[in-house]
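Hi,

Here is the structure I promised to pass on to you. My notes on the ligand site follow just below it.

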Amino acid sequence: MAPPVLRVGLIGNGTVGAAFASALDANHERLSQRLGVRVRLVQIAVRTPDRHRDVLPGVRVHDDAESLANDGGIDVVVEASGDLAASQWLRRVIARGAAAVSANKLAIASDRALLDALARRHPLLHCEGAVAAALPIVRALRDSLDGEEIHDLRGVLNGTTTFILTQLERGACFDDAVAAAQEAGYAESDTSTDLSGRDAAAKLAILATLAWRRPVTLDEVATRGIDGNIVDVVRVACDHGSRVRLVAEAWEEDGLQLRVAPKILDAADPLARAEDVINVVAVQSALAGPLTWYGAGAGGTRTASALLGDVLAASRALVGTHTGRIAA
Ligand code: HSE
């Protein structure tokens, strides 16, 4: 008998969406064997379908993300559009009992209902790719550290600003460094989202929601970004053996404090190891003590890795394979 099919719909086919589609295409035999279910991409919704028609044979390409989210024939919706309207699509997907996988930090971090679902560990909402690409920090907070009391969390969560600051340390001028980050595919379509600190603030809001188990929205984060004036600060810091990084922090002090701002870091600070597109996250918790995650935090294939992992988690939640018995 042919194995059942889980149908995947993809919203957005830019750097991340396209990398996910080709990673699923390349790995679907292997993943299907492991899950006992065929995982098949059946639809893609994009703003300009004509540019994407021939991307993958047999996949319907159209421009109606809302109908894809509402389509009862789609079991897992992977959302990589960056569109703020995505929050309503994601809510709709979960409400009809399908699974939502999203890399869209701004949409999630602006929506209290989605954050509430994350805080409650909703099994049909997954967003590893929304924070630090494949660095497994969302799942670590959600599952591995779920029994813990988190004291504080610090991170370099925006690859674009780290890339720019690293270029400045190597002598580049600010505008050239921004252009190089765009060219490398790290920056958001509107670079001001990275430079203003809003991207890092959205990621911090998602991590704080998981760590402190209550919805923390993007607007609760005191946020300051970087501009051309940072060049002199970077040079002076370099002269003293220090580094400037855009640091996202959450800590308990008369309630939960949340801040994103450029900071001068001592060379011994684990966050100072962030170079180019590397993200670093450091967590202090009651039992585990200090923990640090380090790795590439942006880019198509890096984020596609996180989306694939989330599709597997979502598929298992839907088909219940994780409840299989272990032989005695
Ligand atoms: N623009 C984001 C960054 C992409 O630079 O970190 C990954 O979320």
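Lys-105 has a polar side-chain atom 2.7 Å from an oxygen atom of the ligand. Please keep in mind that this is a predicted model. At Tyr-186 the backbone takes part: one of its N or O atoms lies 2.8 Å from a nitrogen atom of the ligand. At Asn-158 the side chain does, with an N or O atom 3.5 Å from an oxygen atom of the ligand. The protein buries 92% of the 250 Å² that the ligand exposes when taken alone.

As for where the ligand sits, that is the largest pocket. Helices α7 (159-169) and α10 (198-212) are the elements that give two or more residues to the shell around the ligand. This shell has 13 residues, and those that come nearest to the ligand are Lys-105, Thr-160, Tyr-186, Glu-188 and Asp-194. By type, the shell residues divide into five charged, four polar and four nonpolar.

One more residue ties in with Lys-105. Asp-199, which is placed in helix α10, has a side chain that makes a polar contact of 3.1 Å with the side chain of Lys-105. Is Asp-199 buried or exposed? Its relative accessibility is 1%, and the cut-off for buried is under 20%, so Asp-199 counts as buried.

Conventions
Residues are numbered from 1 along each chain as its sequence is written. This is a predicted model: local features need pLDDT of at least 70, side-chain atom pairs count only at pLDDT 80 or more; totals for chains, interfaces and linings use all residues. Side-chain values use heavy atoms; hydrogens and water are left out. A residue is near a molecule or strand if one of its heavy atoms lies within 4 Å of it. A polar contact is a pair of N or O atoms within 3.5 Å; within protein, one must be able to donate a hydrogen and the other to accept it, and residues adjacent in sequence count only if both atoms are side-chain atoms. Accessible areas come from the Shrake-Rupley method with a 1.4 Å probe; for residues, only the protein chains shown count as cover. On a 1 Å grid over the protein atoms alone, a cavity is a set of points where a 1.4 Å probe fits but cannot get out, and a pocket is an open set with protein on both sides within 12 Å along at least five of seven lines; lining residues have an atom within 4 Å of a point. A molecule sits in a cavity or pocket if more than half of its atoms lie within 2 Å of its grid points. Helices (H or I, at least four residues) and strands (E, at least two) are DSSP runs, numbered from the N terminus. Ala, Val, Leu, Ile, Met, Phe, Trp, Tyr, Cys and Pro count as nonpolar, Asp, Glu, Lys and Arg as charged, and the others, Gly among them, as polar. Buried means under 20% relative accessible area, exposed over 50%, partly exposed in between (1.4 Å probe, protein chains only).
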